[in-house]
Amino acid sequence: MRRRTKQQLVTAAALFAAAAVGAIAAPYVHPTTATGEVRSTSTGQPSPSSTVSAAEALRDLRGLEISDAYVPADYDRNAFGQAWADTDRNGCDTRNDVLRRDLTAVVTKPGTHGCVVLSGTLHDPYTGRTIVFERGNTSSLAVQIDHRVPLSYAWRHGAASWTAAQRELFANDQATNLVAVDGPANEEKSDSGPAEWMPANTGDACSYAASFVTVATKWQLSIATDDEHALARTLTTCS
């Protein structure tokens, strides 16, 4: 197994932090409506599913470390910092940043500087369904934010040795790892890798596989042998 040095991880963390700060632009906001709600358009930022080609992903897949080494099962979500922290310092938490980016017809809450998403429409990549999002104690669960590479998977494949700052940046990596999806599909996926779970919407399989490789490459994570095989099979069928 190839070993990453401490200096490599520190250097990577600095690069990721710089990228995170500049990755998310403020939304374009339309004038307030008569109800005081603010309707906004997309930020123009591409979702992770549209950033890498299958050919590029296959090339990067060959460069990933493959490891089935055992890592103690002491994963704790708290090791990745506050859930949906404002790591890019734009005044909005990560969950709302991703909702504004991935939903259409977005309505934001008055008095939150266009941050808090009240409603919108998601064209879900995992199921192919169109989902109406309404903010609420239970209704919000219809749309969830998925980590393409789950946090516990990352923990087993390299993140256990990272600093707390690196893990927080990874958990809030909007540029490559986060995407708004159907809530039940996200819960079904849980912490599975590609060998255990792929999108029910076969049209998204290529994008999902490419994104998984992109995240692993960016964060210098290893992947399991079975996951490498599943990703290779999927990507070789993509045009």
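**Entry 1: tyrosine 75 and the ring pairs**

I began with tyrosine 75, which is partly exposed at a relative accessible area of 33%. I use buried for under 20% relative accessible area, exposed for over 50% and partly exposed in between, with a 1.4 Å probe and protein chains only. The model is predicted, so I note that local features need pLDDT of at least 70 and side-chain atom pairs pLDDT 80 or more, while totals for chains, interfaces and linings use all residues. Residues are numbered from 1 along each chain as its sequence is written, and side-chain values use heavy atoms, with hydrogens and water left out.

I then counted ring pairs and got 12 aromatic pairs. One of them joins tyrosine 75 and tryptophan 155, with ring centres 6.4 Å apart and planes at 65 degrees, so I logged the pair as edge-to-face. The rule takes rings of Phe, Tyr and Trp (its six-membered ring) with centres within 6.5 Å; planes under 30 degrees apart are stacked, over 60 edge-to-face, and the rest tilted. Tyrosine 75 sits in the loop between helix 2 and helix 3 and tryptophan 155 in helix 4, so the pair ties together parts 80 residues apart in sequence. Helices here are DSSP runs of H or I with at least four residues, strands are runs of E with at least two, and both are numbered from the N terminus. Tryptophan 155 is buried, at a relative accessible area of 10%.

Next I looked up tryptophan 162 and tryptophan 219, which form a tilted pair, 5.4 Å centre to centre with 35 degrees between the planes. Tryptophan 162 is in the loop between helix 4 and helix 5, and tryptophan 219 is in the loop between helix 7 and helix 8, 57 residues apart. Both tryptophan 162 and tryptophan 219 are buried. I found that ring pairs link Tyr75, Phe80, Trp155, Trp162, Phe170 and Trp219 into a cluster.

**Entry 2: nonpolar cores**

For cores I grouped buried Ala, Val, Leu, Ile, Met, Phe, Trp, Tyr and Cys residues joined through side-chain atoms within 4.5 Å. The largest core has 36 residues, and those touching the most other members are Leu61, Phe80, Val149, Phe170, Leu221, Ile223 and Leu235. Helix 2 (54-62), helix 4 (151-156), helix 5, strand 6, helix 7 and helix 8 (225-236) each supply at least two residues of this core. Helix 7 gives the largest share, 7 residues.

I listed the contacts (heavy atoms within 4.5 Å) of isoleucine 223. Leaving out residues up to four places away in sequence, isoleucine 223 touches among others Leu61, Tyr153, Phe212 and Leu231.

**Entry 3: strand 5**

I checked burial along strand 5: 5 of its 5 residues are buried, so the rest of the structure largely encloses strand 5. In a regular strand the side chains alternate between the two faces of the sheet. Here Val143, Ile145 and His147 point one way, and Gln144 and Asp146 the other.

Strand 5 pairs with strand 6 in the antiparallel sense over 5 bridges; the rule asks for at least two DSSP bridges between two strands. Isoleucine 145 has alanine 180 of strand 6 as its bridge partner.

I then took glutamine 144, which is buried at 12% relative accessibility. Its side chain makes a polar contact with the side chain of asparagine 186 at 2.9 Å and reaches the backbone oxygen of leucine 141 at 3.1 Å. A polar contact is a pair of N or O atoms within 3.5 Å; within protein, one must be able to donate a hydrogen and the other to accept it, and residues adjacent in sequence count only if both atoms are side-chain atoms.

**Entry 4: salt bridges**

I counted 6 salt bridges, taking a side-chain nitrogen of Lys or Arg within 4 Å of a carboxyl oxygen of Asp or Glu.

Aspartate 146 bridges to lysine 189, with the closest N and O atoms 2.8 Å apart. Aspartate 146 is in strand 5 (residues 143-147) and lysine 189 in helix 6 (residues 183-189), so this pair ties together parts 43 residues apart in sequence. Aspartate 146 is buried at 2%, and lysine 189 is buried at 0%.

Aspartate 97 and arginine 100 meet at 2.8 Å, N to O. They are 3 residues apart in helix 3 (residues 94-102), and therefore separated by about one helical turn. Both aspartate 97 and arginine 100 are buried.

Aspartate 173 meets lysine 218 at 3.1 Å, N to O. Aspartate 173 is in the loop between helix 5 (164-171) and strand 6 (178-182), and lysine 218 is in helix 7 (residues 205-218), 45 residues apart. Aspartate 173 is buried at 6%, whereas lysine 218 is partly exposed at 21%.
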